[in-house]
Structure formats: C-alpha cells, structure tokens
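Subject: Structure handover

Hello,

Please find the structure below. My notes on it follow.

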Amino acid sequence: MSKVYKKVELVGSSSESLEDAIKVALARARQTLRSLDWFEVKEIRGSLTDGYVNSYQVTLLVGFRLEEGE
C-alpha cells in the first residue's frame, strides 16, 4: 500500500527543556491534525537572560499521512 505524507513546520517553546518544547509543539499539532506519524528537529534555539538559559525553542517538521480519496 502506498502512502502520501504532508509536512508542516512548527515551533515549540518552553522554559523547562528542549524535550518539553517538542512536546508542546506536538500536543498542539494533535489538536488539529490527524494521522501524525513522525517529526524531525530542524533547528534548536534558546534565549538567555544575564547569560543563563531563559527558554528553549525547537523548530520541527511534522509529517502526517494524507487520507485516501473516496
């Protein structure tokens, strides 16, 4: 069986961790997208306050299967 995927780019952010930033982005994607199958971390950034990590930001490509036509 053949499958076709679409990719969307999302950016998640968190003051806790990189992993949490990924989870935030995926949790939001689950609210509006179906058939999520994979993600790819494209970029990692962070912000600093007085030289200390203030927040993390992760850009993801998220892949989901397109539904079969009727």
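Predicted model: local features only at pLDDT ≥ 70, side-chain atom pairs only at ≥ 80, totals over all residues.

Three strands form an open sheet in the order E1-E3-E2, and their pairing is antiparallel. Strand E1 (5–14) and strand E2 (36–49) are the edge strands; each has a single partner strand, so one side of each has no neighbour in the sheet. From one strand to the next, the twist averages 15°.

E2 and strand E3 (residues 52–65) run antiparallel and are joined by 12 bridges.

The nonpolar patch

Leu18, Phe39, Val41 and Ile44 make a nonpolar surface patch of about 330 Å². The element that gives the most to this patch is E2, with three residues. Val41 lies in strand E2 and has a relative accessible area of 36%, which makes Val41 partly exposed.

Salt bridges

Side chains of opposite charge can pair when their charged atoms come close. With nitrogen and oxygen required to lie within 4 Å, the count comes to five salt bridges. Three of them are described here, starting with Glu9 and Lys42.

The side chains of Glu9 and Lys42 meet at 2.7 Å, N to O. This pair links distant parts of the chain, with Glu9 in strand E1 and Lys42 in strand E2, 33 residues apart. Glu9 is partly exposed at 46% relative accessibility, and Lys42 is partly exposed with a relative accessible area of 46%.

Lys23 forms a salt bridge with Glu19, and their closest N and O atoms are 3.2 Å apart. Lys23 and Glu19 are four residues apart in helix H1 (residues 18–32), so about one helical turn separates them. Lys23 counts as partly exposed at 48% relative accessibility, whereas Glu19 counts as exposed at 52%.

Glu67 and Arg34 also meet through their side chains in a salt bridge (2.6 Å, N to O). Here too the pair links distant parts of the chain: Glu67 is in the segment after E3, Arg34 is in the loop between H1 and E2, and they are 33 residues apart. Glu67 counts as exposed at 54% relative accessibility, and Arg34 is exposed with a relative accessible area of 57%.

Regards

Methods
Residues numbered from 1 in each chain as written. Heavy atoms only, no water. Pairing = 2+ DSSP bridges. Helix = DSSP H or I, 4+ residues; strand = E, 2+ residues; numbered from the N terminus. Axes fitted to C-alpha atoms, helices over the stretch in contact; angles between N-to-C directions. Patch = residues over 30% accessible without salt bridge, like charges linked within 9 Å, V, L, I, M, F, W, Y side chains within 5 Å. Areas by Shrake-Rupley, 256 points an atom, 1.4 Å probe, with all protein chains shown as cover. Buried < 20%, exposed > 50% of the residue type's maximum accessible area, 1.4 Å probe, protein only.
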